[in-house]
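Have the structure open while you read.

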Amino acid sequence: MNDGAVPHSPGPGVPREVPDAELAAELKKSGGEGPVHRPVEELLARHGEAVYTYARLCVTGAHPAGMLTTAAFTRLFENTGRQGGPSAAWRPALLVTVGRIAEEWAADHRRDMLHPDLRSGTGGAAARLRPPGNRRLVSAAFQRLAEPARCLLWHMEVEREEAEVPAALLGIDTGDVPVRLARARARLRDACLEIHRETAPRDDCRRFARLLDVALRRGDRVLDPDLLFHMDGCAHCRGAAEQLDGFDQRLPVLLTEGVLGWAARAYLDTRGPREPEPAPPRVPSAIDTRMDFTAPEAVPGPTVPRPRTRARTAAATVRALADRLRTTAPRPRRPARHTPAERDPAEGPPGEGTANGDTPAPRAPADAPPGR
């Protein structure tokens, strides 16, 4: 067994026959007991490269990236076996879990393995790993969506994969993807508005929410004078407007920053080819000189590793992790936490669980080329 790094990944864009939700159901049936080789290996093959890529952006080298990847998969496999965990939206859940485990590392002896920027600055690693304040509306709205909608948005908007890939992951016809994706985008935007109204600090914020929505949908460059006056003194509505302005065109960046926080742009740069990012939205001219409406908080992130090195190491790590999980005897069943089979997507970020996620990882080789 290669004692170092993540499972062989066939690479992005390779459709599989069994939907992720069916694989998750097999894990749930096991209850944490007995072999579950097929769902483990399939999920590793589908998502291992991407998870390792993000883990590598959070740590100092290939070995800790392999450890972090192993811990994220192990935690979600255990959570799913205890009737928790994701069903159809595995990729974003795994990536969020990488960040949560990195937060735990920041508080113990593994801190030195984290990226130097996660060990410095104000607020600690948790403040940097979580979505920034100016993306929390998008972050909360994403969690409100049903998992199939999350899967479609993530794989189409962030991963930039062909429609066949999320179709295979969801077990739907490829021809249905465009319509479902358009609905998912609309639901995400509607959820942003719902949360904006629910969290509004004043009644006038709620009264102006509809007017603000219509103006931004139409791309108005001159806003209603009463709305302008309100926004001049309301940070809550300015923040919502910044996230909703140019929503569809900016969705890949908004989603990645809203789900990942740390290294969001760097991760996005590692995914499939994208059209050039549109220029930051301009505020309507009437308020350009009155408020800094569009200035986002900086979302920190490291330099992206060289593509060939990243791909070789990811494939080797995924392959070794698959070997490890395939040959590891099943663990004794832990006392189950009774979690509803259908998890309320509004409860919080996917992938947050109670498993410690500290399963030792295989030692990652120093960017060795993968072998079959």
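What follows covers salt bridges, then one threonine and one glutamate.

Keep in mind that this is a predicted model. It holds 23 salt bridges, and a few of them are picked out below.

**Salt bridges between helices**
- R46 and D20 pair up through their side chains, with an N to O distance of 2.4 Å.
- That pair ties together distant parts of the chain, since R46 belongs to helix α2 (residues 37-58) and D20 to helix α1, 26 residues apart.
- R46 counts as buried because its relative accessible area is 11%, under the 20% cut-off.
- D20 is buried too, with a relative accessible area of 0%.
- E157 and R185 make another salt bridge, and their closest N and O atoms are 2.6 Å apart.
- Here again distant parts of the chain are linked: E157 is in helix α7 (residues 147-158) and R185 is in helix α9 (residues 177-198), 28 residues apart.
- E157 is buried at 5% relative accessible area, whereas R185 comes out as partly exposed at 26%.

- R100 and E103 meet side chain to side chain at 3.8 Å, N to O.
- Both residues lie in helix α4 (residues 90-105), three residues apart, or about one turn of the helix.
- R100 is buried, with 9% relative accessible area, and E103 also counts as buried, at 17%.

**A salt-bridge network**
- R135, E242, R250, E257 and R265 are joined up in a network of salt bridges.

**T256**
- Once neighbours within four places in sequence are set aside, the contacts of T256 are W154, V158, G261, A264, Y267 and L268.

**E17**
- Is E17 buried or exposed? E17 counts as exposed because its relative accessibility is 81%, over the 50% cut-off.
- The C-alpha atoms of E17 and A168 are 6.3 Å apart in space, although the two residues are 151 apart in sequence.

Technical notes
Residues are numbered from 1 along each chain as its sequence is written. This is a predicted model: local features need pLDDT of at least 70, side-chain atom pairs count only at pLDDT 80 or more; totals for chains, interfaces and linings use all residues. Side-chain values use heavy atoms; hydrogens and water are left out. Contact means heavy atoms within 4.5 Å. Buried means under 20% relative accessible area, exposed over 50%, partly exposed in between (1.4 Å probe, protein chains only). A salt bridge is a side-chain nitrogen of Lys or Arg within 4 Å of a carboxyl oxygen of Asp or Glu. Helices (H or I, at least four residues) and strands (E, at least two) are DSSP runs, numbered from the N terminus.
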